[in-house]
Amino acid sequence: MSKRIVIPILAAAATVCFTAVALAGAMPAGNAAKGKTIFSAQCAACHSVAAGQNGIGPSLYGVYGKPAASVKGFQFSPALKSAHIVWTAAALNKFLTNPQADVPGTKMPYMGMPNAQKRADVIAYLATLSDKK
């Protein structure tokens with residue numbers, strides 16, 4: 001009889017532990033207004049948010065949800081061209097954490113944004129930069 005009690009308790013504990021681990025890796029909710037401020041301070045020196053206005057880096061207008069290295073008129077690294085990434089929230093989160101580790105050989109010299117909340121805020125801002133609303 002004790003076996004019947006122990007097994008469900010262990011199963012429940014395993015479920016709770018698995019859920020906690022899965023949630024621990026989740027990205028926090030982003031705030032686009034805060035993301036705009038962070039973008040202005042850390043990204044705007046190289047990236048424009050105006051459609052078609054590339055600078056040191058490509059324009060990031062409309063980049064959310066698009067394939068990497070698809071902005072017209074910008075010379076992307078072979079590494080980014082062959083990475084086959086679509087700029088989803090998860091892909092942007094990984095890339096912005098450490099671009100060189102995510103795509104070795106990328107031309108982006110940025111050292112990365114270690115703060116998960118700031119990344120989420122920037123990603124939320126990037127998601128607003130589109131004609132599709």
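## Aromatic residues

Phe 74 and Phe 76 are both buried (under 20% relative accessible area; over 50% is exposed and in between is partly exposed, with a 1.4 Å probe and protein chains only). This is a predicted model, in which local features need pLDDT of at least 70 and side-chain atom pairs count only at pLDDT 80 or more, while totals for chains, interfaces and linings use all residues. Residues are numbered from 1 along each chain as its sequence is written, and side-chain values use heavy atoms, without hydrogens and water.

The structure contains 3 aromatic pairs (rings of Phe, Tyr and Trp, the last by its six-membered ring, with centres within 6.5 Å; planes under 30 degrees apart are stacked, over 60 edge-to-face, the rest tilted). In one of them, Phe 39 and Tyr 125, the planes meet at 55° and the centres are 5.5 Å apart, so this pair is tilted. Phe 39 lies in helix H2 (residues 32-42) and Tyr 125 in helix H6 (residues 116-128), so the pair links parts of the chain 86 residues apart (helices are DSSP runs of H or I, at least four residues, numbered from the N terminus). Phe 39 has a relative accessible area of 3% and is buried; Tyr 125, at 8%, is buried too. Phe 74 and Phe 76 form an edge-to-face pair, with 4.8 Å between centres and 65° between planes.

## Cysteines

The whole structure has 0 disulfides (pairs of cysteine sulfur atoms within 2.5 Å). For Cys 43, the nearest cysteine sulfur is that of Cys 46, 8.7 Å away. Cys 43 is buried at 13% relative accessible area, whereas Cys 46 is partly exposed at 29%.

Technical notes: Helix = DSSP H or I, 4+ residues; strand = E, 2+ residues; numbered from the N terminus.
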